[in-house]
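Please read the points below with the sequence and the coordinates open beside them. They go from the overall fold to single residues.

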Amino acid sequence: MTDRLGAVLAGAVPRVCAAAVALIAVDGSVAAAAAAGELVRYADAEGTLAARRPPAGHDSIFDLASISKLFTTAVLLSLAEEGAIGLDEPVAAWIPGHDLRVTPRRLLTHTAGLPPTRRIDLELPGADASERMEAMLRTPIAHPVGCPYLYSDVGLVIAGRVAELAGGAPLDALVRARVTDVLGLPDTGYRPTALARVAATEWKPERPGPGCVRGEVHDETAYALGGVAGHAGLFATAGDLLAFGEALRLSAIGQGGAVLRPESVAEMLRDQGAEGAAFRHGLGVRIGDPGIVGPLSGAFGHSGFTGTSLVVDPARGLTVVLLTNAVHPVRGRDGIRELRHAVAGEALRLRQLQPLT
């Protein structure tokens with residue numbers, strides 16, 4: 001173990017985020033682990049300190065935000081392995097009336113021509129989650145289909161619904177049966193119940209209950225859809241997320257297959273040719289995303305708006321997890337990119353200290 005990772009987090013807390021937990025695995029073994037800060041530091045948007053400020057620990061649970069998209073992708077690819085869906089089949093096969101040009105592959109590569117977001121909570125303030133989901137599924141195409149890349153939460157909401165229709169179960173049940181139960185991830189799921197271990201996020205006075213959001217998904221659209229959606233909603237500990245990343249890493253090097261077959265992960269990590277992004281795009285994953293990989297060029301993964309990231313580097317045998325609540329008590333704080341790079345840099349340093357196995 002090393003205290004360097006702890007120093008990296010300590011340098012960012014509480015300036016960048018109120019709480020942070022990081023894990024680095026080298027060749028499947030944890031080489032560094034650190035936790036810093038407080039799960040609830042602020043009581044309001046003005047930065048008033050909370051009366052009770054529980055410390056962050058290695059068992060703390062964070063809102064993963066868009067890292068949820070990787071779990072949705074894993075479910076869809078597992079359904080494709082079984083022949084329940086075709087990645088290039090129109091989603092109209094499950095959602096009648098949908099644009100015939102839109103396929104699961106285009107949804108997962110953000111090339112379906114759908115808008116980036118849709119505040120369905122504001123559009124339909126009096127509707128229930130099912131009515132809002134139906135409206136999301138009817139979102140019209142607004143941009144060219146096929147290219148260029150345009151990041152779309154709407155597309156992943158639709159992808160999650162396709163998974164439900166093809167898999168015959170709600171998305172949370174599919175994630176549990178096909179990913180978290182398979183890997184033994186007890187603290188990964190939607191709508192967490194272990195509130196005492198959950199990190200707070202943003203001050204949202206429009207939400208029920210006092211104080212900053214805690215134990216509910218931060219993302220407004222996912223919240224409006226009942227807390228379970230293809231683009232956001234999952235919570236997890238760093239250890240659980242590391243295990244998920246390790247499962248993908250092992251499949252990528254042909255040594256896994258617990259969740260997805262190596263050939264499915266190979267397709268997941270193949271450059272799908274999405275034009276206009278600052279990185280290569282696989283199925284649901286970003287490859288070489290400069291916002292999260294730092295010096296780990298060629299690594300894949302995803303980030304989350306709340307301040308989270310998962311980076312997997314099969315070539316170097318590295319899996320890197322950073323969980324923070326950088327939106328607590330307000331969004332727009334500086335420094336999360338630099339923190340992600342610093343954690344990735346420490347992973348590279350640890351890799352260089354050990355011979356490749």
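This is a predicted model: local features need pLDDT of at least 70, side-chain atom pairs count only at pLDDT 80 or more; totals for chains, interfaces and linings use all residues.

1. A residue is called buried here when its relative accessible area is under 20%, exposed when that area is over 50%, and partly exposed in between.

2. On the overall fold, the protein chain has 11 helices and 10 strands. Its radius of gyration is 19 Å, close to the 21 Å that the globule rule gives for 357 residues, so the chain is as compact as a globular protein of that length. Along the principal axes, the C-alpha trace spans about 55 × 50 × 35 Å.

3. Of the contacts between residues at least 6 apart in sequence, 64% join residues at least 24 apart. The accessible surface of the protein chain comes to about 13600 Å², and carbon and sulfur atoms account for 53% of that surface. As for charge, there are 33 positive and 38 negative side chains, and the centres of these two sets lie 3 Å apart.

4. Helix 11 covers residues 336-353, and its 18 residues should span 26 Å at 1.5 Å a residue, which agrees with the 26 Å between its end C-alpha atoms. Its buried residues are I336, L339, R340, V343, A344, E346, A347, L348, L350 and R351. An α-helix has 3.6 residues a turn, so residues three or four places apart point the same way. What do the buried residues of helix 11 pack against? Their partners are helix 1 (4-10) together with strand 1 (19-26), strand 2 (29-37), strand 8 (300-304), strand 9 (308-313) and strand 10 (318-324).

5. Helix 2, residues 68-81, passes the same kind of length check: 14 residues at 1.5 Å a residue should span 20 Å, and the end C-alpha atoms are 20 Å apart. This helix is mostly covered, with 13 of its 14 residues buried. Helix 2 is followed by G83, a residue whose phi is positive, near 85°.

6. P14 belongs to the loop between helix 1 and strand 1, while P148 lies in the loop between helix 5 (129-137) and helix 6 (153-167).

7. D27 has a phi of about 55° and is placed in the loop between strand 1 and strand 2; at 24% relative accessibility, D27 counts as partly exposed. H110 has a phi near 60° and is found in the loop between helix 3 (104-108) and helix 4 (120-123). Is H110 buried or exposed? With a relative accessible area of 5%, H110 is buried.

8. The last point concerns K204, a residue in the loop between strand 4 (189-190) and helix 8 (220-224). At 4% relative accessibility, K204 counts as buried, since the cut-off for that class is under 20%. Leaving aside neighbours within four places in sequence, K204 is in contact with V213, H218, E220 and R331.

Note on methods: Residues are numbered from 1 along each chain as its sequence is written. Side-chain values use heavy atoms; hydrogens and water are left out. Helices (H or I, at least four residues) and strands (E, at least two) are DSSP runs, numbered from the N terminus. The radius of gyration is taken over C-alpha atoms; the globule rule is 2.2 Å times the number of residues to the power 0.38. Contact means heavy atoms within 4.5 Å. Accessible areas come from the Shrake-Rupley method with a 1.4 Å probe; for residues, only the protein chains shown count as cover. Lys and Arg count as positive and Asp and Glu as negative; His and the chain ends are not counted. The place of a charge is taken as NZ of Lys, CZ of Arg, CG of Asp or CD of Glu. The expected span of a helix is 1.5 Å times one less than its number of residues. Buried means under 20% relative accessible area, exposed over 50%, partly exposed in between (1.4 Å probe, protein chains only).
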